[in-house]
Amino acid sequence: MDSRVIPAAEAWSGAEHQNVGIFYQVRITGGTLRPEVNGSVAESVWTPIPEVARLCRSSLVDVGLALAQTLPATGHVPYVPVGGLIQH
């Protein structure tokens, strides 16, 4: 889990707000990925963790990468600078 306050000066809306990211460790057991029906997901893909760092991604993904790489007992990693949550 990651929680951080975005100061008003850094937020695109101009208002301070809090972002909370919840990450799950998963494993592929089978099946076929498909878009979410009538939802916001246009494409689903499984990407091996070593390849994620080369992708154009939301910078919040780096928090998930840090969690996956360290597997901290607390479930939390030290602050990961993101420089905005829209795109890395």
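Student: In which strand is the place of Val20?

Tutor: The model is a predicted one. Val20 falls within residues 17-21. That run is strand β2.

Student: Is Val20 buried, partly exposed or exposed?

Tutor: The relative accessible area of Val20 is 46%. Buried means under 20% and exposed means over 50%, with partly exposed in between. Val20 is therefore partly exposed.

Student: How much accessible surface does the protein have, and what part belongs to carbon and sulfur atoms?

Tutor: The accessible surface of the protein is about 7100 Å². The part belonging to carbon and sulfur atoms is 57%.

Student: In what order do the helices and strands run from the N terminus?

Tutor: The protein has 2 helices and 2 strands. Strand β1 covers residues 2-6, strand β2 residues 17-21 and helix α1 residues 49-52. From the N terminus on, the order is β-β-α-α.

Student: Where is confidence lowest, and where is it highest?

Tutor: The average pLDDT of the protein is 79, and 90% of the residues score at least 70. Confidence is lowest in strand β1, with a mean of 78. It is highest, at 86, in helix α1.

Student: What percentage of the residues count as buried?

Tutor: The protein has 88 residues. Buried means under 20% relative accessible area. The buried share is 19%.

Definitions and conventions:
Residues are numbered from 1 along each chain as its sequence is written. This is a predicted model: local features need pLDDT of at least 70, side-chain atom pairs count only at pLDDT 80 or more; totals for chains, interfaces and linings use all residues. Side-chain values use heavy atoms; hydrogens and water are left out. Helices (H or I, at least four residues) and strands (E, at least two) are DSSP runs, numbered from the N terminus. Buried means under 20% relative accessible area, exposed over 50%, partly exposed in between (1.4 Å probe, protein chains only). pLDDT is the predictor's confidence in each residue, from 0 to 100. Accessible areas come from the Shrake-Rupley method with a 1.4 Å probe; for residues, only the protein chains shown count as cover.
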